[in-house]
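Have a look at it first, then read on.

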Amino acid sequence: MSGHEFAEEQPANWEFTPDNAARADDIIARYPPGRQASAVIPLLDLAQRQNDNWLPLKAVEAVAERLDMPRIRVLEVATFYTMFNLKPVGRYYLQACTTTPCWLRGSDQVMRCIRDRLGIGNRGSTGDGMFSLLEVECLGACVNAPILQVNDDYYEDLDYELTGELLDALGRGEPPPPGSMAGRNLSESSAGATTLTGLRPASPGLEGE
């Protein structure tokens, strides 16, 4: 989200809460002795969730100290993956997939609606701190394209109008249930199930088996 640039305003101190410190210890314990560096991604994720979905420098340093890693190694991870935000993001963090399957299904209309409704483009945030937008590559739900990820949830089968309805609901603080915004049942055909709609009668001689 941040373009790998840390926020100018940084907290003077940062540490895991007692609950998250215990979770961090549990995560580290899953790896063999001497291999605790393998826990760097889950610990950065834990730190980010504790800190309103972004990573200050002091959090990166806290993870490095906990894993006995050089700070630069943890910084390399934090700045490589787009899942880590190095600047504050909105309450609703929108990640819009524009890879080929979503594009063919209308992701440009999703992006246009976000621009029209919120006045922001890629890597932008609204002035009230409610929304941030990041254009991303495949979110792995191509069958229900186009997809918009909001924080941890997927909203699927979007078009211009349905994206507007979603943004309005989020603005009211009423997130809809995740999944298809068009009423599709999971990943079935939009017209409903076309196979395995009933049980085949038992073959002669197989009754009771």
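**The largest pocket and its surroundings**

Let's start with the largest pocket: α2 (40-50) and β1 each supply at least two residues of its lining. Helices (H or I, at least four residues) and strands (E, at least two) are DSSP runs, numbered from the N terminus. Keep in mind that this is a predicted model, where local features need pLDDT of at least 70, side-chain atom pairs count only at pLDDT 80 or more, and totals for chains, interfaces and linings use all residues. Residues are numbered from 1 along each chain as its sequence is written, and side-chain values use heavy atoms, with hydrogens and water left out.

**More on the pockets**

- A pocket here is an open set of points on a 1 Å grid over the protein atoms alone where a 1.4 Å probe fits, with protein on both sides within 12 Å along at least five of seven lines; lining residues have an atom within 4 Å of a point.
- The largest pocket has a volume of about 310 Å³, and of its 16 lining residues, Met83, Gln95, Gln149, Asn151 and Asp152 are the closest to its centre.
- With 3 residues, α2 gives the most to that lining.
- The second largest pocket holds about 250 Å³ of space.
- Its lining has 13 residues, and Trp14, Lys58, Glu61, Ala62 and Glu65 lie nearest the centre.
- Helix α3 (residues 57-67) gives the most to the lining of the second largest pocket, with 6 residues.

**The sheet**

- Two strands count as paired if DSSP finds at least two bridges between them.
- β1 (residues 92-97) and β2 run parallel, joined by 6 bridges.
- In one of these strands, β2, glutamate 135 is the bridge partner of alanine 96.

**The whole protein**

- You'll find 7 helices and 5 strands in the protein, running α-α-α-α-β-α-α-β-β-β-α-β from the N terminus on.
- Along its principal axes, the C-alpha trace spans about 70 × 55 × 30 Å.
- Buried residues (under 20% relative accessible area, 1.4 Å probe, protein chains only) make up 41% of the 209 residues.
- Among contacts (heavy atoms within 4.5 Å) between residues at least 6 apart in sequence, 67% join residues at least 24 apart.

Methods. Grid points are joined across faces, edges and corners, and a volume is the space filled by probe spheres set on the points. Buried means under 20% relative accessible area, exposed over 50%, partly exposed in between (1.4 Å probe, protein chains only).
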